[in-house]
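The following exercises concern the chain shown below. Each task is followed by a solution in steps.

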Amino acid sequence: MKGNSELLVVGIGLTYIALLVWVYRDAQSRGMEYAIVWLIIVLVFGPLAAIVYVFAREKGNLVPCSHCGKNRLEVSAKCPHCGNA
């Protein structure tokens with residue numbers, strides 16, 4: 001029985017880490033200046049903050065940049081990663 005509870009704790013921890021990584025990468029891809037702030041907010045307040053992030057983030061489709069290949073918002077004039085149009 002103890003092994004199952006430890007496995008559950010590890011699973012929840014890994015899911016939480018995956019959520020943190022997703023929020024940070026998504027915020028960076030959308031060109032949000034405060035991606036690290038969103039990471040910290042989700043770290044402190046958990047999944048509820050991630051839900052708030054989903055509604056507060058920049059809206060639009062992500063497409064690969066033709067210059068650097070990283071994701072950027074389709075409607076962005078410049079890529080937040082390389083600065084090219």
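**Exercise 1. Overall form**

A compact globule of 85 residues would have a radius of gyration near 12 Å, whereas the chain has 16 Å. This is a predicted model, in which local features need pLDDT of at least 70 and side-chain atom pairs count only at pLDDT 80 or more, while totals for chains, interfaces and linings use all residues. Residues are numbered from 1 along each chain as its sequence is written, and side-chain values use heavy atoms, with hydrogens and water left out.

Task: describe the dimensions and the order of elements of the chain.

Step 1. The radius of gyration is taken over C-alpha atoms, and the globule rule is 2.2 Å times the number of residues to the power 0.38. Along its principal axes, the C-alpha trace spans about 55 × 25 × 20 Å.

Step 2. The chain contains three helices and two strands; helices (H or I, at least four residues) and strands (E, at least two) are DSSP runs, numbered from the N terminus. Their order from the N terminus is α-α-α-β-β.

**Exercise 2. Surface and contacts**

Task: state what share of the chain is buried and what share of its accessible surface belongs to carbon and sulfur atoms.

Step 1. Of the 85 residues, 22% are buried. Buried means under 20% relative accessible area, exposed over 50%, and partly exposed in between (1.4 Å probe, protein chains only).

Step 2. The accessible surface comes to about 6100 Å², and carbon and sulfur atoms hold 65% of this area. Such areas come from the Shrake-Rupley method with a 1.4 Å probe; for residues, only the protein chains shown count as cover.

Step 3. Among contacts (heavy atoms within 4.5 Å) with a separation of 6 or more, 38% join residues 24 or more positions apart.

**Exercise 3. Cysteines**

Task: how many disulfides does the chain have?

Step 1. A disulfide is a pair of cysteine sulfur atoms within 2.5 Å. By this rule the count is zero.

Step 2. The closest cysteine sulfur to that of cysteine 68 belongs to cysteine 79 and is 3.7 Å away, so the pair is too far apart for a bond. Cysteine 82 is likewise in no disulfide, its nearest cysteine sulfur being that of cysteine 65, 3.7 Å away.

Step 3. Cysteine 68 is partly exposed, with a relative accessible area of 33%; cysteine 82 is partly exposed at 32%.

Step 4. Cysteine 82 lies in the segment after strand E2 (71-73). Not counting residues up to four places away in sequence, cysteine 82 touches Cys65, His67 and Cys68.
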